[in-house]
Amino acid sequence: LSSGRVNLTALREAGRRELREFLDKCAGSKAIVWDEYLTGPFGLIAQYSLLKEHEVEKMFTLKPGRLPPADVKNIIFFVRPKLELMDIITDNVLREDRGRSPQRDFHILFVPRRSLLCEQWLKEQGVLGSFIHREQYSLDLIPFDGDLLSMESEGAFKECYLESDQTSLYHAAKGLMTLQALYGTIPQIFGKGDCARHVANMMIRMKREFPGSQNSIFPVFDTLLLLDRNVDLLTPLATQLTYEGLIDEIYGIQNTYVKLPPEKFAPKKQGEGGKDLPTEPKKLQLNSAEELYAEIRDKNFNAVGSVLSKKAKIISAAFEERHHAKTVGEIKQFVSQLPHMQAARSSLANHTSIAELIKDITTSEDFFDNLTVEQEFMSGIDTDKVNNYIEDCIAQKHPLIKILRLVCLQSVCNSGLKQKVLDHYKREILQTYGYEHILTLNNLEKAGLLKPQTGGRNNYPTIRKTLRLWMDDVNEQNPNDISYVYSGYAPLSVRLAQLLARPGWRSIEEVLKMLPGPHFEERQQLPTGLQKKRQQGENRVTLVFFLGGVTYAEIAALRFLSQMEDGGTEYIIATTKLINGTTWIKSLMEKLEPAPF
């Protein structure tokens, strides 16, 4: 898991060590009761084998009622500190048969922090005393890939911007402290946005409060860039056009896994007419450990087909070689390469199938129409009046999230909508999809996504021109600019990172003032002897932390900058959550439930 100079394995190892230590405290056989949301992230840290080595014999999903029978000495609850989960645990514990022998011991592991509120709640229910060990497992930043860390905190954006709840920012600061303990103090911190300011302040305070946490490790990261998601509300609303971005838009990637329709992956058998088609979705893991995926994941989808057909030729040529193997040595040589060749062949088959599935969608009329409207908005065309395509989609009752993405995109590209345009959209949406969505519209307004234009000024054109957010001549096959990830639109967030590296943010002071929240710079003193002397031609390493979520297209754009010959900067990406427009809007949706009487 190393990308260039930074090796994220140390972080995973630290996570495993902490888990082993906890499991060893609960001597004897164990069953783990999982908060379902945690199983995916945990799987990226520890395989089941690690749990088995520490006498974990059974795993259950947390749900109300009696715990399933298990002949074990310890029952361990792995949970997030949420009150609704405490109710379920209480139910589990109270239904435990006290008369049974031998008695089972209960323990609770809070992820990522213990919570006084939750413990108080358990106490009031009269079950707190049942837990022998009550601990926390600080799983803040989970390594998803060689250059990617996520907290997988799904509610972070909503909590920060709608509920003024800064818990996830505290976890982010803690995660950054852990990272500095493993990889050295980060000498320079830059940030933009209120949450960024908040996280930086907490880090500085934590460092002051634990002076012992200063370690004598040569810093791996030169710079930390903290970015609020609400500094760039535009990017996640647009349809991502990279291979990985489209897989996520269409099928949804969760904890590096994707579930796909099985019929494309059925082995072709002769003469059966396909009567036993598999019904279970095909589940694939997607990360850079797979050579082909690492090569195509960040390309614009239009550039993927040619890579796949080239690969197909190379692989069939390699298999042809077997006819030329004459001597024992040559045959041995061929056989030794076989496993790698077969893996490459099956990887190619999978990605060819996925690409066909995606192509069916991207070549549809509806996809094209939707994309055309997005691109018009992003390039500044007709953003100030009611859009015909959006009206048609509402009339045809297209999925509500699609409508909301487009309307929010129009609003963001126009620094808010004129009141009568906004009212028109709201009225149409509520009449067509139901008045229970009024809370959702309210949330979108609070988050700054769908709002009236204040001060009568549209700043977006200035921002677009100064930051070169719209590029007309985009090269999708051999890109020379990050705008290839959206076929013309350069993600604002990544442009900010690019301009920070050079020539620096001073060159864009005016635009920074138009974007929400403060921008700032902090320096962290390094212990003597740890100041870096940069070798000739050595890259700087920047950690970009997105507070409130990041998309795969933004990650692709940052990887593109890392690989630029004259870039001079290597990027590692961290985030509170991997998102796309759909999951992001979903996290802000709320339905008014009808009254129970």
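Author: Helices (H or I, at least four residues) and strands (E, at least two) are DSSP runs, numbered from the N terminus. Residues are numbered from 1 along each chain as its sequence is written. This is a predicted model, in which local features need pLDDT of at least 70.

Reader: Where is Pro112 found?

Author: Pro112 is found in the loop between strand E6 (105–110) and helix H5 (116–124). The peptide bond that leads from Val111 to Pro112 is cis, with omega near 0°.

Reader: Why are helices H19 and H21 called roughly parallel to each other?

Author: Helix H19 (residues 492–501) packs with helix H21 (residues 552–563) at an angle of about 25°. Angles under 35 degrees count as roughly parallel, and H19 and H21 are therefore roughly parallel to each other. Their axes, which are lines fitted to C-alpha atoms over the stretch in contact, are 9 Å apart.

Reader: Which residues make the contact?

Author: With contact meaning heavy atoms within 4.5 Å, H19 contributes Ser493, Val494, Ala497 and Gln498, and H21 contributes Glu554, Ala557, Leu558 and Leu561.

Reader: Why does Glu55 count as partly exposed?

Author: Buried means under 20% relative accessible area, exposed over 50%, and partly exposed in between (1.4 Å probe, protein chains only). Glu55 has 41% relative accessibility and therefore counts as partly exposed. Although Glu55 is not a glycine, it has a positive phi of about 65°.

Reader: What makes Ser164 count as exposed?

Author: The relative accessibility of Ser164 is 61%, so Ser164 counts as exposed. Ser164 is placed in the loop between helix H6 (156–161) and helix H7 (167–183).

Conventions: This is a predicted model: local features need pLDDT of at least 70, side-chain atom pairs count only at pLDDT 80 or more; totals for chains, interfaces and linings use all residues. Side-chain values use heavy atoms; hydrogens and water are left out. Axes are lines fitted to C-alpha atoms, for helices over the stretch in contact, and angles run from 0 to 180 degrees between N-to-C directions. Angles under 35 degrees count as roughly parallel, over 145 as roughly antiparallel, 65 to 115 as roughly perpendicular and the rest as oblique.
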